Protein chains: 2
Amino acid sequence: MLELAILGLLHESPMHGYELRKQLATKLGAIRAAISYGSLYPTLRRLQSAGWITDAPDAAEATPPAEIPPLTSRRGRVVYAITAEGKERFGELLAQTGPETFDDPGFGIHFAFFARTDSDTRLRILEGRRRRIEERREGLRDVLARAAERLDAYTLELQRHGLDACEREVRWLEELIANERSGRPPATETTPRPPTDRSGRDE
Amino acid sequence: MLELAILGLLHESPMHGYELRKQLATKLGAIRAAISYGSLYPTLRRLQSAGWITDAPDAAEATPPAEIPPLTSRRGRVVYAITAEGKERFGELLAQTGPETFDDPGFGIHFAFFARTDSDTRLRILEGRRRRIEERREGLRDVLARAAERLDAYTLELQRHGLDACEREVRWLEELIANERSGRPPATETTPRPPTDRSGRDE
DNA sequence: TGGCGATGTATCGGTCCGATACATCGCCAC
DNA sequence: GTGGCGATGTATCGGACCGATACATCGCCA
C-alpha cells in the first residue's frame, strides 16, 4: 500500500523523504495519521533496489564548492524520483482490484489516486468497497438483533455507532457510484477548473 | 491491544482459541474485522508464559476411554483460562491512558470493556479521544481551506468525507461524555435491565 | 462412502508502527 | 555573539499484527 502511495506522489514530482511524508500526510490525512519513518525509509530502499525509483543526492549537494571538505560527515538530503519502470508499476498497482483494495487503508489510498485511475477500475473498486461495507453492516445488524441481550450497554453503543458509520459510508459510495456511471467527475463546489488535458499519462 | 481484548474475554469465561476469535469478532465487530490467527496464537503463548492465563487441554480430552490409543496423533482443543495475576494485569491495562489508547483500534477495544472500567478512566479516555479527533478534524479543515487548489477532486472528496466522519464522531463523544458526567449509563433502549450486582470485580 | 463446510491449532513471511538516535539550519532572546 | 530551540532531515530496531497456508477432526447429507 505504501508502495502505491509513494510511487503516486513521486509521479507528480521528485522529492526527498521528509517532504514525501508531509505530502502523504495531507493527501491521506483522511485515512491515516502520518506514515512512520520506520515504514517509509525501508520501503524507499525496497523500491529503489527494485528499480522503480532512483535515489540521488540533492542537486545542491552535488555541486559543492569543492574547497570545503565535509567537516562533519554531512549526510545530505536524498532526492527520490520515479523511473519509467516505476510508472509502469504504478499503473499496475492502480488497476489492481485485489481483496486488500477494499480494506480500509487500501481503499483510501486507491481512492486518493482516482484522478489517475481509469473509469472502469474506479467503478470496480467503489462497488467492491460497497459490498465489503454492506457485509460489515449486516454483521453488525445481526449482532444487534440477535445477541443484544448478551452484551453490555457500552459494547452495544459501540456497535450502534459502527452500524451508523457503515450506513453512512454505503450512502456515500452509492452517490459516488451513481456519479461515476453518469460520467461526471465528483461534485467539486470549489474551483470547478476545466479538465486540464492528459498530463500524467504513462510516459 | 490484543492482550487487553483476550484477557477481557477470558475474564468472562474460559475458552479455546477458535471460540475466542469468534467472540472477539462479535464484540469488536465495529472496530476490526476479525483477529488473525497469526496474531492470536502467538499472543496466547505470550500471555501463557507471562502467567496471565493457563493453557490446559480440554476436559473432554482429559478423560479418554484409555483403551483407544491416539490413532492419528489427536491434537485436542486447548482451553485457556485467566489467572489471578491475569485479572490484575487486566485491571492495569484497563486503567491505562497511554497515547495508544486514543488511536482507533486502541480506543475501540478500551471502549468495548467500559463496563468493567471505572468512571474516572472512562471520562479520561473519552476526552482524550475527543481531543485526538478534534485535532484530526482541524487538520482536515486546514487542508480543505488552504490547499484545496493543489488537490484533485477525488482527493478533496476523500477529505470531505473524512471531515464529516470526524465531526460526527466528536458529536457522538460529546454525548457520551455528557452522559458519563451525569452518572447515567449509556442510553440503552433495548432491554433496560437493572444493574446486576458487582459480578466481575477483581477476585 | 465420499465429499464438504465448520471446527480447531499452528507457523511463516511480510508490512507497518513507535521509539529512538543523530545531525543541520535558521531564528530569536538574552 | 551565543545559546537554545523548533523545524528539517536521514536512519534503525524491536515489536505488533496480518494474510496465506497447512493440517487434522467432526457432523451431515447426498
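**A two-chain predicted model**

Of the 203 residues in chain A, 27% count as buried. A buried residue has 20 or more other C-beta atoms within 10 Å of its own, with C-beta atoms placed from the backbone. This is a predicted model, in which local features need pLDDT of at least 70, side-chain atom pairs count only at pLDDT 80 or more, and totals for chains, interfaces and linings use all residues. Residues are numbered from 1 along each chain as its sequence is written, while chains are lettered from A and ligands numbered from 1 in the order in which they are written.

Start with the fold of chain A. Chain A has eight helices and three strands. These are DSSP runs, numbered from the N terminus: helices are H or I with at least four residues, strands are E with at least two. From the N terminus on, the order is α-β-α-α-β-α-β-α-α-α-α. Among contacts in chain A between residues at least 6 apart in sequence, 71% join residues at least 24 apart. Two residues are in contact if their C-beta atoms, placed from the backbone, lie within 7 Å.

Now look at one helix pair. Helix α1 (residues 2–12) of chain A packs against helix α3 (residues 37–50) of chain A at an angle of about 75°, and their axes are 10 Å apart. Axes are lines fitted to C-alpha atoms, for helices over the stretch in contact, and angles run from 0 to 180 degrees between N-to-C directions. The angle makes α1(A) roughly perpendicular to α3(A), a term for 65 to 115 degrees. On α1(A), the contact is made by A:Leu2, A:Glu3 and A:Ile6. On α3(A), A:Ser39, A:Thr43, A:Leu44 and A:Leu47 take part.

Next comes the contact between the chains. Chain B gives 32 residues and chain A gives 32 residues. On the chain B side, the elements that give two or more residues are α2 (17–27), α6 (104–112), α7 (119–146) and α8 (153–181). The largest share, 11 residues, comes from α8(B).

How is chain B superposed on chain A? A rotation of 180° does it, with 0.0 Å of shift along its axis and an RMSD of 0.0 Å. That is the relation of a two-fold axis. The superposition is by least squares on the C-alpha atoms of residues with pLDDT of at least 70 in both copies. In chain B, the C-alpha of B:Ala165 is nearest the axis, 3.9 Å from it. The same surface serves both copies, as 100% of the contact residues of chain B recur in chain A.

Terms used
Angles under 35 degrees count as roughly parallel, over 145 as roughly antiparallel, 65 to 115 as roughly perpendicular and the rest as oblique. A residue is buried if 20 or more other C-beta atoms lie within 10 Å of its own, exposed if 12 or fewer, and partly exposed in between; C-beta atoms are placed from the backbone.
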